[in-house]
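Open your viewer and get ready to click along.

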Amino acid sequence: MKKQIGLLYGGKSAEHEVSLSTAHAMTQALNFDKYEVYPIYITQEGEWIKGSLLDGPSQSIEQLQLAEGANPNSISGFLPAEQDKGLDVIIPLLHGPNGEDGTVQGLLEVMNLPYVGNGVLASAAGMDKVIMKQLFEQAGLKQTPYVYFIRNEWQTNQQHWLDRVEKELNWPVFVKPANLGSSVGINKADNQEELIAAVQEALKFDRKIVIEQGVVAREIEVGVLGNDNPECSVAGEIKPLKAFYDYQAKYKDGNTAMIIPAELDEEVYEELVVSAKKAFKILDCSGLVRADFFVTAANEVLINEVNTLPGFTPFSMFPLLWENTGLAYSDLIERLIDLAIERFEEKQQLQVKMD
């Protein structure tokens, strides 16, 4: 029998459009001979809409958003009915807050539904760059210096934070919303005037801001796949043709070069693998992660961040890394589905009643 798969995409997030691109790519790659695929679309206003069974990869993702029989503001449409075992697994394709941050994962846990990717803790910790960095420190992973604060702290004592950045970091710095990915709201600052403007921009997207020390280094990424015994892909290098790898370069104009595999000394690659697995385990990850690093001219390896739900767009690094490791796109999706079911079945063995 075919497995029934629910594609959960869209979302109330600034990364809504990224999710649509990922969902479109996923529908082109799923094996419809093995799976029955149901779209579950979340509008940017937070309304949930379940579409009917997809005919195949030729059906466009745009049609799914206008599915007949829409049931806004309800998740009952994909709950298992008494006469039906319901969906076998959910594939969350939600990027950013309200999807990649553990909120939807928590909902799926409460509903006792298998789902692809990281659980509540890993998703939440991986979304918050500050918490992530603090856990990396606990794991002994090397990273660039950083400063962070929340909106109220900035508004009540802006000069304190300007002075602290100048004291603890060197120009240039990168200003980021703590809880967004896909380079949304990120800007480079070379002086205090640019820093103030960058913080104001980042505060549009999050109440917590992280400011990171700029570093002259290569941007290297590694894919991690598995549950308790994760494996790593070959390494890939990002070479932006712009000042840095921003949202436009990632998702709009493809204005970047991806070199896979990256040219690295074997010792450097092995250090990347050890660090990627260590980051995977300290966050208690499962399923998939893309670990992002800086490698300096002196071959020093610094972890930048991990992405607990890397995109599957045509420009995405994660599936390309695994393709170059010998795992084709469609096989990668099947592997992720198998990992999700494996983790779910393990959880079902836990005792929930006291003897």
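## First stop: a salt bridge

Start by selecting Lys204 and Glu201, which form a salt bridge with their closest N and O atoms 3.1 Å apart. The term salt bridge is used here for a side-chain nitrogen of Lys or Arg within 4 Å of a carboxyl oxygen of Asp or Glu. Lys204 counts as exposed, at 63% relative accessibility, while Glu201 is partly exposed, at 27%. Those words have cut-offs: buried is under 20% relative accessible area, exposed is over 50%, and partly exposed lies in between (1.4 Å probe, protein chains only).

Before you go on, a note on what you are viewing: this is a predicted model, in which local features need pLDDT of at least 70 and side-chain atom pairs count only at pLDDT 80 or more, while totals for chains, interfaces and linings use all residues. Residues are numbered from 1 along each chain as its sequence is written, and side-chain values use heavy atoms, with hydrogens and water left out.

## Zoom out

Now show the whole protein as a cartoon. You can look for 12 helices and 13 strands; these are DSSP runs, numbered from the N terminus (helices are H or I with at least four residues, strands are E with at least two). The protein has 355 residues, and 54% of them count as buried. How many salt bridges does the structure hold? There are 11.

## A buried pair

Next, select Lys133 and Glu212. Their salt bridge has its closest N and O atoms 3.1 Å apart. The pair links distant parts of the chain, with Lys133 in helix α5 (residues 129–139) and Glu212 in strand β8 (residues 208–213), 79 residues apart. Are these two residues buried or exposed? Lys133 is buried, at 2% relative accessible area, and Glu212 is buried too, at 4%.

Move to Lys347 and Glu109, a salt bridge whose closest N and O atoms are 2.4 Å apart. Lys347 belongs to helix α12 (residues 329–348) and Glu109 to helix α3 (residues 103–110), so this pair ties together parts that are 238 residues apart in sequence. Lys347 counts as partly exposed, at 31% relative accessibility, and so does Glu109, at 29%.

On the α1 side, the contact (heavy atoms within 4.5 Å) is made by Ala25, Met26 and Ala29; on the α12 side, by Tyr329, Ser330 and Ile333.

## Last stop: a buried loop residue

Finally, select Phe312, in the loop between β13 (301–307) and α11 (317–323). Phe312 is buried, with a relative accessible area of 4%. Which residues does Phe312 contact, leaving aside its neighbours within four places in sequence? Among them are Ala25, Met26 and Tyr329, along with Leu288 and Phe318. To finish, select Ser19: its C-alpha atom is separated from that of Phe312 by 8.9 Å, although the two residues are 293 apart along the chain.
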